[in-house]
Amino acid sequence: MQQRKRITMHDHAAEAALFRRRAMFTFICVVILLLTLVGNLYHLQITSYKDYATRSNDNRIRVVPLPPSRGLIYDRNGKLLAENQPFYSLEVIPEKVKDMGTMLNELNKVIPLSDDERQNFTEALKFHRRFKPLTLKSHLTEQELAAFSVNQYRFDGVSIEAGLNRYYPYGELLTHVLGYVGRINNRDQKALELSGDWPDYAATNDIGKQGVEKFYESLLHGKPGHLEEEVNNLGRHIRTLKVEAPEPGQDIYLTIDLALQQKAMELLAGRRGSIVAIDPRDGGILAMASSPSYDPNQFVHGISAKAYSDLLNSRSRPLINRATQGQYAPASTVKPFLALMGLEDGIVNEKTRVWDPGFWQIPGVERKYRDWKRWGHGWVDVYGAIINSCDTYFYDLAYKSGVDRISSFMDQFGFGENTGVDIYEESPGNMPSRDWKRLRYNQPWYIGDTISVGIGQGYWTTTPLQLATAVTILANKGRRLPPHLLKSIKDSTSMIDSPVEEHAPLELKNPHHWEVIADAMRQTALKSRFSDASYSAAMKTGTGQVFSVAEDAKYDADTIDEHLRDNALIVAYAPFENPKIVLTVILENAGWGGQNAGPVARAMMDEYLLRDKWELTHAQP
């Protein structure tokens, strides 16, 4: 029997309900999606508008930092010591050059390009945007500048751009005072980041490396400006929107007297040594010469490895600032200080006399400590001891005083400590003591060590600036002014004098002792190089041993190596009644102090004190 087909019956009500549920679910999903879209649009357009607007502007607007011009440096009389000079470089925009190789070959015929310059340019080109200029050759000479200017029409995409570089017009004359600027290296960058100053160097490649340039970097550098320019999505310049000019560095005036500095370097020419001159009225450094020196301009442009190696390995050590880093035995120049100590502590008085047969011996010891005058000076008091530089008198004084007393008294004059001068390159020298020797050598202090210290030898070392600072205290009869190089700062409206922080004075129990030492030094000058000077002066010479001579041996400069010969020293101040200049001269391996350093000191004093008189005499009618 044939089976009949089953008929399916639809429940329209159920289907309608299912449709309504599905439609409602779909509608709700659409509404949720629309609300999400509206919420996101609100977030983008309203809530985060500023953030995204800033991001958009960052893509559209490029901020280019503008370097500030570095502050200038002048001497005390307004003579320019460090300036900013324009330099010219050859710039190439790669996309405007059809054939780079041909262009470089043709350009080489006009301006010679070294192999290094071409190689560096080619390597940099691989990682450089083609529409931005790239330096091919920097610091063009005037001849190169003129040659390219005439032929510029032949080189599409090649142009000359100008910039500013530090320049020291007096070259090696002031290197150890001014220092120099050089490229910022990783160590400089880390230091700037730690101090929080790194953003100020966004447009700057150079920073002060030594001397005044480094110490007053914060004043000289200035603040960068910026330029806002509109760019397209490829970073190409469209237009300039805003320019905020940089704030130039402040100009500074130093206490240095350029003419006196020139005289000092002239007198040191061909010699190793240092000359320091200080104005005792305010502690300003008038001259600070160190010889030999070097030209700081070569560091500004980037010194070659060979040139730097030659400076570094030179036996004369031109990189060392002898005025603040050279450590020398002060020799007899410290005898006035020792005599002052003896008077002040009651070990001797003005009338105390010591017999000098040409040597001195520690009681009970056979060894003889020789006086420089082999037949001796006879009976010597404090005046004669200073005037004739009697070693025997000071051997005896040192023996009676002891090293602890000597060290403690000399600390008051700054021996063994940094002077605090406003450059970083400074050594403290050494004022020996019992504790120092134990720490340094793990050895006890011997009485023989004290005897050597009594004539400024042995472990006692000082720098020329430190010695000049100590003599300034003598000249000022206890007034203590720290040496400094900064005289004033010039801002946009006025000149601001640099304040001098005077230290507490050195007060003696008997102020008359200042007069005793001063009178002895004045008599020394009258019997020496200043006997015919038109001004009064006070002085003390010294001859510093570089190596020890055996007790019975005779020193003969002609038979020993030049670097082992005695150093010549002198300290002086003038005018005696109202000192205007304090001077220290140290000539390495020059021999007898009075004979060799004396004429240098006299020439320096004449230059400074007689300058006005000479100018009046030679003035045009």
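The structure is a predicted model, in which local features need pLDDT of at least 70 and side-chain atom pairs count only at pLDDT 80 or more, while totals for chains, interfaces and linings use all residues. Residues are numbered from 1 along each chain as its sequence is written, and side-chain values use heavy atoms, with hydrogens and water left out.

The protein contains 23 helices and 21 strands (DSSP runs numbered from the N terminus; helices are H or I of at least four residues, strands E of at least two). Of the 621 residues, 46% are buried (under 20% relative accessible area, 1.4 Å probe, protein chains only). Among contacts (heavy atoms within 4.5 Å) with a separation of 6 or more, 72% join residues 24 or more positions apart.

Mean pLDDT (the predictor's confidence in each residue, from 0 to 100) is 86 for the protein, with 89% of residues at 70 or more. Where pLDDT is low, the predicted coordinates should not be read in detail.

Ser433 lies in the loop between α17 (403-411) and α18 (434-441). Ser433 counts as buried because its relative accessibility is 16%. The Ser433 side chain reaches the backbone nitrogen of Trp436 at 3.2 Å. Leaving aside residues up to four places away in sequence, Ser433 touches Val403, Ser407 and Trp445.

Notes. Buried means under 20% relative accessible area, exposed over 50%, partly exposed in between (1.4 Å probe, protein chains only). A polar contact is a pair of N or O atoms within 3.5 Å; within protein, one must be able to donate a hydrogen and the other to accept it, and residues adjacent in sequence count only if both atoms are side-chain atoms.
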